[in-house]
Amino acid sequence: MRHPPRSVLLAVAGSVALVAGALLPVVTAQGAAPLCTVEYSVTGQWDAGFQGAVRITNNSAALSSWTLTFDFASGQKVTQGWNAKWSQSGTTVTAVNENYNGALGTGASVSAGFLASRSGTDTAPTAFRLNGTTCNVDSTTTPTPTVTPTVTATPTPTPTPTPTGPPDGGGAPPALHVAGNRLVDAGGTARRLLGVNRSGGEFMCVQGRGIWDGPVDDAAIGAIADWKADAVRIPLNEECWLGLSGVKPEYGGANYVNAVKDLVARVEAHGMTPVVELHWTYGQYTGNSAGCTDVHATCQKPMPDQQYAPAFWSSVAGTFKSDPAVVFDLFNEPYPDRATATTTQAWQCWRDGGTCPGIGYEVAGMQDLVDAVRATGARNVVLAGGLAYSNDLSQWLTHRPTDPAGNLAAAYHVYNFNSCASESCWNSTLVPVAAQVPLVAGEIGENTCSHGFVDQVMKWFDDHGLSYLGWTWNTWDCSSGPSLISSYDGTPTAYGTGLRDHLRALNG
């Protein structure tokens, strides 16, 4: 999916990019273990506001619900938040648990975040109260708290303890492989990938604004699982993963890789299949339907580049090759057909790469990317989308790459505004592909702020036993792009209600 304009994505935070590497005060205390601790951090700043986070740890008896209060000293004002119900009266800020994260056992932690306005400095609060108990102080004495500045390398929330199982009791995600035209688990049972996309990792880092768009902590991923999703597609950026120049160090390289690994682990902890996908890539393209003129990975390019894309997949595959639950989606939405003179040239470019007509950089074809993955010894399931932004699979079988592991599946994207968006087209172009290999609709959606079209898509794919994932689990205005939720607690938009209710009916 092509994303909403950057102005839309920045609307919540103003037009000034977040300040990287800000000093983040973390309140601590001397002495014995306190009854509760709160770590407070500023994860980003702009002229008139900032983004903050709290991590609460309960060291006393288990709680069934919690309320955190603290005071701002410099006129800051909370405007919105996530993973808690936030409010403010005068200088006092109150955060009350959501219904999905109220239980806080002994030693357990929970994280929540917020946006706030400011007119001066972001003076950190120094006193926190959890259910009326003062935190960060010795349980038997009351020393004066000290404020120790630290530097946070990334705004990714600190991982919470790994859950013992998903909220719906689904257990660990299956180790997948291809058997004929089906995805199956280790026991040979057919599996479908039914879930959502979690956009953000493809654009936040390269725009210098963070790694994820909104929270990806355990509560946030638990909200996805609460929809009865069993798969989460995670779009990535190759320059950020490889830590190339131009990407802020705090958002690229090892910091980015670790953030992706943490998110994959959280998705799996809730019993869902992570689909790791290459979305934005390097290479200057200024031809037909160009999304940008920048050589860097700041928009969707017609094909992945030979310079970095194989290296990206070598690294990603090496990272996850020991985990057969992770699925690899090679490239988001190829569109060499917009650059080449003929469809034949486009499909040849798609498979073989090299010097492609109309594309000014050396292209990595799908065969190059399959080879890069398999050279690491990884046998994970690999998805390959077709032409026309993955909406055209008409010659996919003729040009499909060779996979020595036999774990290749076809990827397909469909929106109401695509050319192939009717049952007649699906019957003529998708059925032949799905008869030979697994077919996964990595993105389905519509731009109507409703769900009439995706209802039709899901019924057809259900009738054919195929997989699909909705675009996207982000709180954008649905008029600027299909957004499933209005809040990261899982509150659906009118469009998202269709997918949520359908998944719950299927998997509930």
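Which residues in H5 meet which residues in H7? The close-up views below, taken from a predicted model, begin with that pair.

**View 1. Helix H5 packs against helix H7.** Let's start with the two partners: H5 covers residues 309-320 and H7 covers residues 366-374. From H5 come Ala 309, Pro 310, Trp 313, Ser 314 and Ala 317, and they meet Leu 369, Ala 372 and Val 373 of H7. Sorted by type, the residues of this contact are seven nonpolar, one polar and no charged. The helix axes lie 8 Å apart, at an angle of about 30°. Angles under 35 degrees count as roughly parallel, so H5 and H7 are roughly parallel to each other. Their crossing is right-handed.

**View 2. A cis peptide bond joins Trp 471 and Thr 472.** Look at the link between these two residues, where omega is about 0°. Thr 472 belongs to the loop that runs between strand S22 (467-470) and helix H12 (494-507).

**View 3. Lys 228 has a positive phi.** Here the backbone angle phi is near 70°, and the residue is not a glycine. You can find Lys 228 in the loop between helix H2 (218-226) and strand S16 (231-237).

**View 4. Ala 388 has a positive phi within a helix.** For Ala 388, another residue other than glycine, phi is near 55°. Its place is in helix H8, which spans residues 387-390. Is Ala 388 buried, exposed or partly exposed? Buried means under 20% relative accessible area and exposed means over 50%, so Ala 388, at 22% relative accessibility, counts as partly exposed.

Terms used: Residues numbered from 1 in each chain as written. Predicted model: local features only at pLDDT ≥ 70, side-chain atom pairs only at ≥ 80, totals over all residues. Heavy atoms only, no water. Axes fitted to C-alpha atoms, helices over the stretch in contact; angles between N-to-C directions. Helix = DSSP H or I, 4+ residues; strand = E, 2+ residues; numbered from the N terminus. Parallel < 35°, antiparallel > 145°, perpendicular 65-115°, else oblique. Left-handed = near helix turned anticlockwise from the far one by under 90°. Contact = heavy atoms within 4.5 Å. Nonpolar A, V, L, I, M, F, W, Y, C, P; charged D, E, K, R; others polar. Buried < 20%, exposed > 50% of the residue type's maximum accessible area, 1.4 Å probe, protein only.
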